[in-house]
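Visitor: Hi! Could you walk me through this model? I have a few quick questions.
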Amino acid sequence: AGNSPKWSLVEIAIQAMSPDARKEPTWIYWYARALMSHKKITPAIQQEANALLESIAGVKGFYEQLALEELGRKVSTPSKPPAPTAEEFEVAKRNPSLQRALYAIAMGLRAEGVREWNYGTNLVNAQGQSGLMNDRELLAAAQLACEHQVWDRCINTSERTRAVIDVEQRFPMPFKEAVLQRTRSINLDPAYVYGLIRQESRFVMDAKSHVGASGLMQVMPATAKWTAKRMGMKNFRPEQLQQRKTNIAIGTHYLKLVLDNFQGSMPMAAAAYNAGPSRPRRWRNGPEMEGAAWAECIPFSETRDYVKKVLANTTIYAGLIQNEPQSLKSKLGMVGPRENNAPEENAEIP
């Protein structure tokens with residue numbers, strides 16, 4: 001806060017970056033914040049900062065959402081574009097590439113199906129001619145994927161529209177009954193769970209990571225075994241993580257334990273879910289800072305990206321579930337060393 005030496009260092013560091021690097025939303029946002037930390041803010045400085053924030057403000061990502069809030073606006077869900085017409089949807093259904101892709105995925109040939117889908121939506125249009133799909137064609141193809149419950153292709157395709165945003169397509173809520181019922185029973189925010197699943201697996205039931213995490217919530221077998229024991233589940237076997245209900249039950253139980261252990265801090269719990277709880281315990285031991293600054297300082301690029309995406313996702317899902325504008329900043333909160341009167345940290349959590 002104020003014109004601290006740290007803000008002036010931020011300003012100097014960003015000025016030293018290449019013009020291309022400075023165009024990234026990350027550095028546009030922090031440069032605007034550094035300008036606004038000046039002791040004397042002239043109308044020209046305020047105008048420059050506002051113009052920078054306006055240039056990125058929107059709902060599509062972490063810094064875009066933060067820029068909106070910095071300009072005094074909440075994160076609101078954009079209005080839904082007109083749904084694909086029957087004719088537009090028919091064209092998508094008849095597209096031979098999309099048909100082949102859905103057939104391959106249904107047969108269990110997911111990698112091949114995904115490649116075929118990407119070819120169909122990226123390289124050729126519905127007439128088999130070379131060229132990108134337009135927004136209407138992308139929305140129709142995304143709807144086709146959604147109706148076949150191929151959620152990752154639904155999200156991926158909808159995210160490529162340029163002039164319109166169909167938030168419900170980009171942020172689907174499969175298995176809504178199961179997730180809402182489970183989160184209610186353990187007092188966990190369903191938007192946070194959806195934000196995390198969307199980042200972990202894109203709702204692919206049989207997703208497997210290179211380190212062995214599996215299912216919707218990408219739970220590691222050892223973590224699942226420990227959590228199942230805590231939940232009183234008898235005779236748990238790692239292959240049960242492929243069962244949707246079990247995966248959601250174990251994943252949400254573990255997330256709730258971690259969130260409680262970090263006194264409800266969503267960024268720290270997301271970092272713990274991705275990198276294990278011992279790391280964010282160390283990473284918090286510095287000066288108290290805004291959650292956004294803390295997330296940007298995470299030393300692992302994968303975890304840094306993960307935390308920002310989970311929190312931005314959570315903000316959009318909260319808007320969809322609660323049907324009202326949201327604050328990403330309030331979800332990020334402040335991060336700093338554990339207070340002396342805080343409950344003892346549970347060192348057992350894997």
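Visitor: Which residues form one aromatic cluster?

Guide: Trp7, Tyr29, Trp30, Phe62 and Tyr63 form it. Rings of Phe, Tyr and Trp (its six-membered ring) pair if their centres lie within 6.5 Å; planes under 30 degrees apart count as stacked, over 60 as edge-to-face and the rest as tilted. Before we go on, this is a predicted model, where local features need pLDDT of at least 70, side-chain atom pairs count only at pLDDT 80 or more, and totals for chains, interfaces and linings use all residues. Residues are numbered from 1 along each chain as its sequence is written, and side-chain values use heavy atoms, with hydrogens and water left out.

Visitor: Thanks. How many aromatic pairs does that rule give?

Guide: The count is ten aromatic pairs. One of them is Tyr29 with Trp30: the ring centres are 5.0 Å apart and the planes are at 75°, so the pair is edge-to-face.

Visitor: Are Tyr29 and Trp30 buried or exposed?

Guide: Both Tyr29 and Trp30 are buried. Buried means under 20% relative accessible area, exposed means over 50%, and partly exposed is in between (1.4 Å probe, protein chains only). Tyr194 and Phe203 make another pair, with centres 6.1 Å apart and planes at 50°, so that pair is tilted. Tyr194 and Phe203 are both buried too.

Visitor: Which charges sit over rings?

Guide: Here are two. The charged end of Arg22 sits over the ring of Tyr31, 5.0 Å from its centre. Arg198 lies over the face of Phe171, at 4.0 Å from the ring centre. The rule asks for NZ of Lys or CZ of Arg within 6 Å of the ring centre and within 35 degrees of the ring normal.

Visitor: Let's switch to the core. Which members of the largest nonpolar core touch the most others?

Guide: Phe62, Tyr192 and Leu311 do, in a core of 95 residues. Helix H19 (residues 301-322) gives the largest share of this core, nine residues. A nonpolar core is a set of buried Ala, Val, Leu, Ile, Met, Phe, Trp, Tyr and Cys residues joined through side-chain atoms within 4.5 Å. Helices (H or I, at least four residues) and strands (E, at least two) are DSSP runs, numbered from the N terminus.

Visitor: And what is Leu311 in contact with?

Guide: Setting aside neighbours within four places in sequence, Leu311 is in contact with Phe62, Met266, Pro267, Ala270, Leu328, Lys331 and Leu332. Contact means heavy atoms within 4.5 Å.

Visitor: What does Leu320 touch?

Guide: Leu320 is found in helix H19. Not counting residues up to four places away in sequence, Leu320 touches Thr77, Val167, Glu168, Phe171 and Met173. The C-alpha atoms of Leu320 and Thr77 are separated by 7.0 Å, although the two are 243 residues apart along the chain.

Visitor: How far does H19 reach from its first C-alpha to its last?

Guide: H19 has 22 residues and reaches 32 Å, close to the 32 Å expected at 1.5 Å a residue. The expected span is 1.5 Å times one less than the number of residues.

Visitor: What follows H19?

Guide: Asn323 does, and its phi is positive, near 60°. Asn323 lies in the loop between H19 and helix H20 (328-332), and at 71% relative accessibility it counts as exposed. Most residues other than glycine have a negative phi. Arg202 has a positive phi as well, near 55°. That residue is in the loop between helix H13 (190-200) and helix H14 (221-231), and at 24% relative accessibility Arg202 counts as partly exposed.

Visitor: New topic: how many disulfides does a search of the whole structure find?

Guide: It finds one disulfide, formed by Cys146 and Cys154 with their sulfur atoms 2.1 Å apart. The cut-off is a pair of cysteine sulfur atoms within 2.5 Å. The torsion about the S-S bond of Cys146 and Cys154 is about -40°, so the disulfide is left-handed. Both Cys146 and Cys154 are buried, whereas Cys297 is exposed, with a relative accessible area of 52%.

Visitor: Last one: where is Pro277?

Guide: Pro277 is in the loop between helix H16 (266-275) and helix H17 (278-283). It is buried, with a relative accessible area of 3%. Beyond residues up to four places away in sequence, Pro277 touches Tyr254, Phe262, Ala272, Ile349 and Pro350.
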